[in-house]
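Biologist: Good morning. May we go through this structure together, one topic at a time?

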Amino acid sequence: MRTAHRAETVRAAEAALMARLPEGALMQRAAAGLAAACCSLLGKGRVYGARVVLLVGSGDNGGDALYAGARLARRGAGVTAVLLGTRAHPGGLAALRAAGGRIADDPFDALAVADLVLDGITGIGGRGGLRPDAVPVARAARGSGAVVVAVDLPSGVDADTGEVAGEALRADATITFGTYKPGLLVDPAREYAGALRLVDIGLAPVLPGVPDAEALQHQDVAWLLPVPGAESDKYRRGVLGVVAGSARYPGAAVLAVAGALGGGAGAVRYVGPAGDAVIAAHPETLVHAGPPSKAGRVQAWVVGPGLGDESSLVTEVLASDVPVLVDADGLRGLDPAAVRARTAPTLLTPHAGEAAALLGTAREDVEAGRLGAVRELAARFGATVLLKGSTTLVCGPDGGPVRVNPTGTPWLATAGSGDVLSGLAGSLLAAGLPALDAGSCGAYLHGLAARRASSGAPLTATRVANALPAAWHDVTTTP
């Protein structure tokens, strides 16, 4: 599992570790890892004679870049530093000069012939985008054709929130130290980070045990997913009730049921007006005319996809004593008090527009500050919230780490894919997973299925649903 910590936490951990180490040892660890990463990015045998440009700010990131540049210079690279701050780290600057590096007279001439650029302009304390004097240099670096490597995180992005409030330097790769930063995992900043690599500098023993954000990986999902045993029956595997669809949107019901079946539900009970369409597509479905309370035994409910204005059905489902996932039309006008009054878990799955309506804010504010939005929603409703989007986030009501889904793809921006995710996550709720795990494992499998189904080409929600068993197999069989 990838774990991420806020800047304040990282600084405290670094201070605790530096108190135990010789002066400068921590920066040397970071510089050594950074230089090694640059060597691998340049390629075997290409360090000698490579032209490396360091963009150096006033902070410790500038020092990391200077010391790494000195190491590259000692291996035969031609290293030039562009000094952008009011001062440069004195030890790093002396080390670079001693190794044969030089200070640029004209940063644009240096960047025009660079093979690799190290972005050490700002560090984890940077806020509000690049300063105006750094913008032309950053643009020249990005347009140079060189490989751009961010030191700890791209300059101009917010380490804690992932927000990009001004101009930032887009990297091809980011070498981060000690722990991931939340902004590296969350859009829009994630788009600026490129490929991520973590350098171990010894912070783990002094970091708190609970991170601010975390991203599941294959082995984590495989451990969490429910696998049938010899004594399993459909009830032990989980029976999911689905209240979805309408005369106008019968396909939403079909897709939600498809997601539930692809997610391993032991059985699906469908309640709504799209019964004929559901049976035609999935004859194993148990169809009931309703109301939900009369449909039979379920271990969890999904309510909302394509439902239209049937708010009374949402109220009835929320009154049940089993876990409930609320999506799409079910979120319209949802009462926080009604959700908070429930004794069973609730999982809300809004996209940015629905989240904005629930928060009473603008959609663009949610998209720019996704971490803050998902945390606020979870606290307001006392529920687990899965915020769909370019980076899908899952947050529990207890204020613990936000789960960041790493498998998303832009091809999921297609009609009906959210209905599939609702059924999939609902099936995991019915199987007994806590809401946080059901939401984050569901999002992980959903993204993996989309990648499998698309291979970089357009896809439909039906193709995503059909690829779910293969995605499940990929996760549970990967060593």
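Biologist: Is alanine 328 buried or exposed?

Modeller: Please note that this model is predicted. Alanine 328 is buried, because its relative accessible area is 18% and buried means under 20%.

Biologist: Where is alanine 328 found, and what is its phi?

Modeller: Alanine 328 is found in the loop between β14 (324-326) and α14 (336-340). Its phi is near 50°, a positive value in a residue other than glycine. Most residues other than glycine have a negative phi.

Biologist: What about aspartate 152?

Modeller: Aspartate 152 also has a positive phi, near 75°. This residue lies in the loop between β6 (147-151) and β7 (173-177), and it is buried, with a relative accessible area of 5%.

Biologist: Now to the helices. At what angle do α3 and α4 pack?

Modeller: Helix α3 (residues 60-74) and helix α4 (residues 90-98) pack at about 15°, with their axes 8 Å apart. The two helices are therefore roughly parallel to each other.

Biologist: And which residues make the contact?

Modeller: On α3 they are Leu66, Tyr67, Gly69 and Ala70; on α4 they are Gly91, Gly92, Leu93, Ala95 and Leu96. Six of the contact residues are nonpolar, three are polar and none is charged.

Biologist: Why is α19 described as largely enclosed by the rest of the structure?

Modeller: Helix α19 is so described because 17 of its 20 residues are buried. Helix α19 covers residues 435-454 and reaches 28 Å from its first C-alpha to its last.

Biologist: Lastly, which peptide bond involving proline 188 is cis?

Modeller: The cis bond joins aspartate 187 and proline 188, with omega about 5°.

Note on methods: Residues numbered from 1 in each chain as written. Predicted model: local features only at pLDDT ≥ 70, side-chain atom pairs only at ≥ 80, totals over all residues. Heavy atoms only, no water. Helix = DSSP H or I, 4+ residues; strand = E, 2+ residues; numbered from the N terminus. Expected span 1.5 Å × (residues − 1). Buried < 20%, exposed > 50% of the residue type's maximum accessible area, 1.4 Å probe, protein only. Axes fitted to C-alpha atoms, helices over the stretch in contact; angles between N-to-C directions. Parallel < 35°, antiparallel > 145°, perpendicular 65-115°, else oblique. Contact = heavy atoms within 4.5 Å. Nonpolar A, V, L, I, M, F, W, Y, C, P; charged D, E, K, R; others polar.
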